[in-house]
Amino acid sequence: VAGPFGALVGGWLGKGAGLSNKAEEEELSRVGLTREDAEAMKELVMDLNGLEDSLASLRQSVADTQERVGNLRGEAERFHGLARERLEAGDEDGARKQLEQRQKILPILADAETQEAETSSRIPPLENALAQTADALQRTQERAVARQRGARGAFDGGAMDGSIVDPSLADFDKKFLEGK
């Protein structure tokens, strides 16, 4: 969370380095946050951090499982190749033993592939939850900014400072001044 909201929320998340109650109230008022918005932002930041950690852990788990699957596939292929070599050399018993070793690995490989698929399928919902939490935090910040702007005064903004433009004047400028 960047900006003044980040500093405020960051102070709360620090290890006891937060503001005193009075200083906290003054800072909330200065940035246009209500206590409820600040608490919601604090919760959302903590949720966001937790989700990011969970996602990183899940991705690492997927990578580890993929590595295990690759190793098991390599092992199964190696035993298959050894069996073929033994068979070509006329050693049927040796080929059979290699195929038996391969057959022991195949169920383990199937389980690892299932685990990989299940673990990988948990990533999109977690990414979705992360995006939703970030959006909720952004909306809370936007509400606070809008509230802060609304509290500035009746004569701030609007036609007096040029922030409201008559659409007919914009069309005139576009047609005649810009030549479009």
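**Entry 1: Glutamate 85.** I began with glutamate 85, which is exposed, with a relative accessible area of 51%. In this notebook, exposed means over 50% relative accessible area, buried means under 20%, and partly exposed lies in between (1.4 Å probe, protein chains only). Glutamate 85 lies in helix α3.

**Entry 2: Basis.** I note that this is a predicted model, in which local features need pLDDT of at least 70 and side-chain atom pairs count only at pLDDT 80 or more, while totals for chains, interfaces and linings use all residues. Residues are numbered from 1 along each chain as its sequence is written, and side-chain values use heavy atoms, with hydrogens and water left out.

**Entry 3: The chain.** I found 6 helices and 0 strands in the protein chain. Helices (H or I, at least four residues) and strands (E, at least two) are DSSP runs, numbered from the N terminus. Of the 180 residues in the protein chain, 25% are buried.

**Entry 4: Helix α3.** I recorded 54 residues in α3 and a reach of 79 Å from its first C-alpha to its last, close to the 80 Å expected at 1.5 Å a residue. The expected span is 1.5 Å times one less than the number of residues. Just after α3, glycine 90 takes a positive phi of about 85°.

**Entry 5: Threonine 65.** Which residue of α3 did I examine next? Threonine 65 is buried, with a relative accessible area of 7%. A polar atom of its side chain lies 2.8 Å from the backbone oxygen of serine 61. Leaving aside residues up to four places away in sequence, threonine 65 touches Ala112, Gln115 and Glu116; contact means heavy atoms within 4.5 Å.

**Entry 6: Nonpolar cores.** A nonpolar core is a set of buried Ala, Val, Leu, Ile, Met, Phe, Trp, Tyr and Cys residues joined through side-chain atoms within 4.5 Å. The largest has 17 residues, of which Leu33, Leu55, Ile123, Leu126, Leu130 and Leu137 touch the most other members. I saw that α3 (35-88) and α5 (123-150) each supply at least two residues of this core. The largest share, 9 residues, comes from α3. Leucine 55 touches Ile123, Leu126, Glu127 and Leu130, not counting residues up to four places away in sequence. I then noted a second, separate core of 7 residues, including Leu72, Ala76, Phe79 and Leu109.

How values were computed:
A polar contact is a pair of N or O atoms within 3.5 Å; within protein, one must be able to donate a hydrogen and the other to accept it, and residues adjacent in sequence count only if both atoms are side-chain atoms.
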